[in-house]
Structure formats: structure tokens, C-alpha cells
Amino acid sequence: MEKDTNGFHRKYRPHTLSRVIGHEELVTRLNGIIKSGKPPSSLFFGGPTSSGKTTLARAFAASLNGVKNIDQLQGAFTQFNASAEGNKDNVREWIKISRYKSSFPYRVICIDEAQALLSNKQAADAWLLPLEEPPNRTIWIVCSMEPQRFATTETGRAILNRCQQFNLTPHNSSDLLKQAKRIMKGEKMDYAENILKAVVRNCNGEMRTLANLMEALAQYANGLPKLPKKLSKEDVTTVISTTQSNDDALAVRVIVGVLSGQYKSVVKALLDVAEPFTFITKLQWCASHLLRTAALEGAKHSQIKFWSKMNQDLEKQTKDLEINLGKLAMVNESIVNVKGELMSHASSAIELLEARMYRLMKAIHAK
């Protein structure tokens, strides 16, 4: 494995379809497309966050062009994020790039977070014809963590209808364990072999979080006075506590504040948020975790996972509160609605949360 200074996630991210872990049926289908020599002009990869959409897009582009790494395509692969680059001028730039000639068999353009386009009808409409009829040997790959939104608008349905569709599901524990073993072997982390399952349980089903946690464990082990023969589950807990960001703790404080009726605590926490849009997702994870664990009433389910230390702290701080399934459902619904509103609202994430959280608290604490 070549030396990489960009972290374990990038170092062990699959570069070709043969290295992709999981999504076996989709990989088989993509390999079939390559063998046919007749790839469709547009593909749509839909699935939840961290399910591997852009990783699969990059691996497909590399395999389609017969290279071992996407970096070798030298401009024949371009990736844009529609949430930051999805206005009409940006779309014109995408279209312009799609017309450039490439020295490789195919030019691939990946549009990530494509659901953001749905809030800009002019930009989305301008893209429809180039999406359906791109220049010869140009392929669009459309990625979205909210594929269901495309079915709710005429423009969204038009985008879907122009693409071959691929639906990704979250990685399961077996997939994550394979990746953990791959990293362990590549980094010579034999001391972590006995705790890999504990690592998997604490990565929220996400390959990126798994790689980051494995990297943190390597740093921790190398920082000890003597490299241990084996790390323990307690070491995993210690390392997890060092990876928690301030926004993680603030997300817990907001949820606890809402459920306990402490609006001042909610506002103070929101004022300290460093990354507002990402913070919304953290809140959603917290609310969803409490709702699901309450609905299961102690039963186990493969989709219920801890995310770092955040959900563990959340459970500790809410265990003595008088909350029921209905209240948790209202909190979860409110946060999901705020996240949806951000796509078309002029206010910031924090302003929306301040406004919605008070109304939510009034509703769930009404006598």
C-alpha cells in the first residue's frame, strides 16, 4: 500500500470496482455495463449518507476507463457538489466541461448532493437536455442522499427518467468488518484484531467514521510508552471520547434541552455551533436514535448503532426524563422538517432551529 498523508479514509477508499466492499448486486450490474461497451449516458446513485455513492461513482469511472486510480484520469473525471455549486451559472459550467474532449475513453462528471438542484428550478431545467443528450462518450453520475425528493416534483421526475437508477443501502456489519480488517492488515495493527467488532459497533454504519476511528486507535497505540500486544474495549471507549467534536456535545445538549423544557439551554448551545448544516444532521441522528430505541423497547435491531460517543451520552442524559414515544416522534419530525426547509429557506440553520425548537417545546410539554 502506497504511503498516503490524507488519512485512512482516503488511503483505503476503493479505487476500482474490484475493491468495493458490499453492494455486490450493484457492482455486478456496473461490471456488466463496462463489459457491454455501451454505458448509459446518465446514472443515478441514490442512498443514505455514507452508503458509498461517490465512492462507487469514482470506482466505476476508473474501471470504465481501465485505470487503477481515479487520480490517473487527468481531468476525465470531475466532481461537483450541487449544494454549494448548484445555481444556473454553475450548471452552465458543468455543461461546458462536458463538451471538452478527453484522451481517455470516457469523460465522467459526478454531481453529488443533487437534491439541492430541486430548489433551483431554472438551474435544474437548464440541465435536463444535456443530461439526456450529453456529448459522445460523456457520462453523468447523479448522486443523492434524498432520492425520494425527486419523485415529488416534475423536474425531479424528469431527472430520474433520464438516468439508469441504482439504489444503495447502508453498509452492514459484515461489510464494515471487512474494511476494518483491510485497514488493520495494511497498517500492521495486529494489536487491534480483538477489538475490531467493538470498532464496528461504534462507527454508526459509516465507512468514513470506521476509518477515522481506526486511525485514532493507531495514533493512540503509537502514543503509548510501549506498543501493546492487544488493545482492549476500554481503549476503544477512551479513543472515542477523544474524537467527539464540540458540535457533538452541543447536539446532545439541544436534544436534552428540548425534552426537558429548557429553552435557554437550547439557545445557548445553538449560539456555539461551529458547522450549522452538519449540526442539523447530528441532531437528526440523535432524535432518530432515541426514537428507534424507544420504539424497540430494549429489543435489538441491526439498524440501531451508536455514533461515536454522542448517542451514548444522549442515552445517559435522557434516561431519567419523562419522555414517551409520541414526544420523541415530534422531536424527530421537527428536525427532519427543518432540514428540508433549509433547501428553500433564506434563513440560516441556527435561526430556523431557534424558531422551531421553542414551538416544539411548547407542543411536547403542553399539559
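**Note on aromatic contacts and the parallel sheet**

1. The charged end of R29 sits over the ring of F166, 3.8 Å from its centre; a charge sits over a ring if NZ of Lys or CZ of Arg is within 6 Å of the ring centre and within 35 degrees of the ring normal. R137 likewise lies over the face of Y106, at 5.0 Å from the ring centre.

2. The model is predicted: local features need pLDDT of at least 70, side-chain atom pairs count only at pLDDT 80 or more, and totals for chains, interfaces and linings use all residues. Residues are numbered from 1 along each chain as its sequence is written, and side-chain values use heavy atoms, with hydrogens and water left out.

3. Rings of Phe, Tyr and Trp (its six-membered ring) pair if their centres lie within 6.5 Å, and planes under 30 degrees apart count as stacked, over 60 as edge-to-face and the rest as tilted. By this rule there are seven aromatic pairs. F45 and F166 form an edge-to-face pair, because their ring centres are 5.3 Å apart and their planes stand at 80°. F45 belongs to strand β1 (residues 42-46) and F166 to strand β5 (residues 164-167), so the pair ties together parts that are 121 residues apart in sequence. Helices (H or I, at least four residues) and strands (E, at least two) are DSSP runs, numbered from the N terminus.

4. F45 is buried at 0% relative accessibility, and F166 is buried at 0%. Buried means under 20% relative accessible area, exposed over 50%, and partly exposed in between (1.4 Å probe, protein chains only).

5. W94 and W127 also pair edge-to-face, with 5.7 Å centre to centre and 75° between the planes. W94 lies in helix α4 (residues 88-98) and W127 in helix α5 (residues 121-132), so this pair ties together parts that are 33 residues apart in sequence. Both W94 and W127 are buried. Ring pairs link F80, W94, W127 and W140 into a cluster.

6. Five strands form an open sheet in the order β2-β3-β4-β1-β5, with parallel pairing; two strands pair if DSSP finds at least two bridges between them. β2 (77-81) and β5 stand at the edges with a single partner strand each, so one side of each is left without a neighbour in the sheet.

7. β1 and strand β4 (residues 138-144) run parallel and are joined by five bridges. Within this pairing, L43 stands opposite I141 in β4.
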